[in-house]
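Here are my notes on the model, as numbered points.

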Amino acid sequence: MSRRALVAWLLAAALVLSGCSTGLRLGYNQAEWLADWAVSGYVDLDPRQREVFSQRFRQLHAWHRSEQLPGYSSLLRDARARVEAGLSTDDVVWITERVRGAAQVLAVRAAGDIAEVLASLSPAQIAE
């Protein structure tokens, strides 16, 4: 992972862990810019690739906002109740499985879009 991507992920994690809903909302609403910034740490996309990336990311983000966020809200409410009742090993396993499941759904949804951008990379971009 590039230093740039690491800094972005650490910032996002710090906002989530701090419970800062304003910061989290700000980061989520700037997800396209953050994703572009992270990708730019790995490869310089040409204008056409950048447009495809942006278009696909906007579609993915809209889907995520409408389809996934409501489930996250429910998951966080359930996790909070478990924590307040006294966190057990089973609770940690339950939370971990739900988070991994949500990440897998997102990865499956994004795979085709990612593949399209990756398939368009030139040999020079790959070497970069």
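1. Arg58 and Glu51 form a salt bridge, with 3.7 Å between the closest N and O atoms; the term stands for a side-chain nitrogen of Lys or Arg within 4 Å of a carboxyl oxygen of Asp or Glu. Arg58 is partly exposed at 41% relative accessibility, and Glu51 is partly exposed with a relative accessible area of 41%. On this scale, buried means under 20% relative accessible area, exposed over 50%, and partly exposed in between, with a 1.4 Å probe and protein chains only.

2. The model is predicted: local features need pLDDT of at least 70, side-chain atom pairs count only at pLDDT 80 or more, and totals for chains, interfaces and linings use all residues. Residues are numbered from 1 along each chain as its sequence is written, and side-chain values use heavy atoms, with hydrogens and water left out.

3. How many salt bridges does the structure hold? There are 8 salt bridges. One of them joins the side chains of Arg50 and Asp36, at 2.3 Å from N to O. This pair links distant parts of the chain, since Arg50 belongs to helix α4 and Asp36 to helix α3, 14 residues apart. Helices are DSSP runs of H or I with at least four residues, strands are runs of E with at least two, and both are numbered from the N terminus. Arg50 is partly exposed, its relative accessible area being 27%.

4. Glu97 and Arg98 also form a salt bridge, where the closest N and O atoms are 3.9 Å apart. Glu97 is partly exposed at a relative accessible area of 49%, as is Arg98 at 36% relative accessibility.

5. A search of the whole structure finds 2 aromatic pairs. The ring centres of Trp33 and Trp37 are 6.0 Å apart and the planes lie at 5°, so this pair is stacked. Rings of Phe, Tyr and Trp (its six-membered ring) pair if their centres lie within 6.5 Å; planes under 30 degrees apart are stacked, over 60 edge-to-face, and the rest tilted. Both Trp33 and Trp37 lie in helix α3, 4 residues or about one turn of the helix apart. Trp33 counts as exposed at 52% relative accessibility, while Trp37 counts as partly exposed at 22%.

6. Phe53 and Phe57 are likewise a stacked aromatic pair, 6.0 Å centre to centre with 25° between the planes. They are 4 residues apart in helix α4 (residues 47–86), about one helical turn. Phe53 is buried at a relative accessible area of 11%, and Phe57 is buried at 18%.

7. Which residues of helix α3 (residues 31–40) are buried? Ala31, Ala35 and Ala38 are buried there. These residues cover an arc of only 65° around the axis, so they lie on the same side of α3; the arc is that of the directions from the helix axis to the C-beta atoms.

8. The largest nonpolar core has 9 residues in all, among them Ala31, Ala35, Phe53 and Phe57. Such a core is a set of buried Ala, Val, Leu, Ile, Met, Phe, Trp, Tyr and Cys residues joined through side-chain atoms within 4.5 Å. The elements giving two or more residues to this core are α3 and α4, and α4 supplies the largest share, 3 residues.
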